[in-house]
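User: I have a structure open and would like to learn how to read its features one by one. Could you walk me through it?

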Amino acid sequence: MIKVEIVTPKGLAFSKEVNSVNIPTVEGEIGVLEKHMYLMTLLKPGLVYFDGKAEEGVAVTYGFVDVTPEKVIILAEEAYTVGEIDVGKEKEEFEKWARKLATAQAMEEIGEITKQMERARTLIELAEKFGKF
């Protein structure tokens, strides 16, 4: 078993010992088992799920992942159970950022807008796939 904690600026969002955890990273999805090698990487928006049960996962946004042989700490800007995602709000956010992209000029601005659009799009997709409407 490996201990997994998901921490946001609001506090501890998840803490449990599991057999395995799958994590979305900028390099792709990684699977972590007990006694995994040390690893630190960037988190990207997606679903963190445990023991192969995607339907019971936690949606996360950007952050960092710290893996040790005994523990995984995920530091995320946001974390939600899929049922907590407000699809209407996220669609509004996506549309707002899409309008801003049309007038953006600086590369930094385009990068930030693209990041926010990816965040909203991913949360919408997860809610539609796993949410109970």
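**Reading the model, feature by feature**

Analyst: Happy to! Let's begin with charge: the protein has 17 positive and 24 negative charges, and their mean positions are 2 Å apart. Please keep in mind that this is a predicted model.

User: Good to know. How many helices and strands does the protein have, and in what order do the elements run?

Analyst: There are two helices and ten strands. Starting at the N terminus, the order is β-β-β-β-β-β-β-β-β-β-α-α. The radius of gyration is 16 Å, close to the 14 Å that the globule rule gives for 133 residues, so the protein is as compact as a globular protein of that length. Along the principal axes, the C-alpha atoms fill a box of roughly 50 × 35 × 25 Å.

User: Could we try a single residue? Where is Thr8 found, and is it buried or exposed?

Analyst: Thr8 is found in strand S1, which covers residues 2-8. Its relative accessibility is 12%, so Thr8 counts as buried. Leaving aside residues up to four places away in sequence, Thr8 touches Ala13, Ala76, Glu77, Glu78 and Ala79.

User: Now the aromatic rings. How many aromatic pairs does a search of the whole structure find?

Analyst: The search finds one aromatic pair. To classify a pair, look at the angle between the ring planes: under 30 degrees counts as stacked. The rings of Phe14 and Phe50 have their planes at 5° and their centres 4.3 Å apart, so this pair is stacked.

User: Which parts does the pair tie together?

Analyst: Phe14 lies in strand S2 (residues 11-18) and Phe50 in strand S6 (residues 46-50), so the pair ties together parts that are 36 residues apart in sequence.

Definitions and conventions: Residues are numbered from 1 along each chain as its sequence is written. This is a predicted model: local features need pLDDT of at least 70, side-chain atom pairs count only at pLDDT 80 or more; totals for chains, interfaces and linings use all residues. Side-chain values use heavy atoms; hydrogens and water are left out. Helices (H or I, at least four residues) and strands (E, at least two) are DSSP runs, numbered from the N terminus. The radius of gyration is taken over C-alpha atoms; the globule rule is 2.2 Å times the number of residues to the power 0.38. Lys and Arg count as positive and Asp and Glu as negative; His and the chain ends are not counted. The place of a charge is taken as NZ of Lys, CZ of Arg, CG of Asp or CD of Glu. Buried means under 20% relative accessible area, exposed over 50%, partly exposed in between (1.4 Å probe, protein chains only). Contact means heavy atoms within 4.5 Å. Rings of Phe, Tyr and Trp (its six-membered ring) pair if their centres lie within 6.5 Å; planes under 30 degrees apart count as stacked, over 60 as edge-to-face and the rest as tilted.
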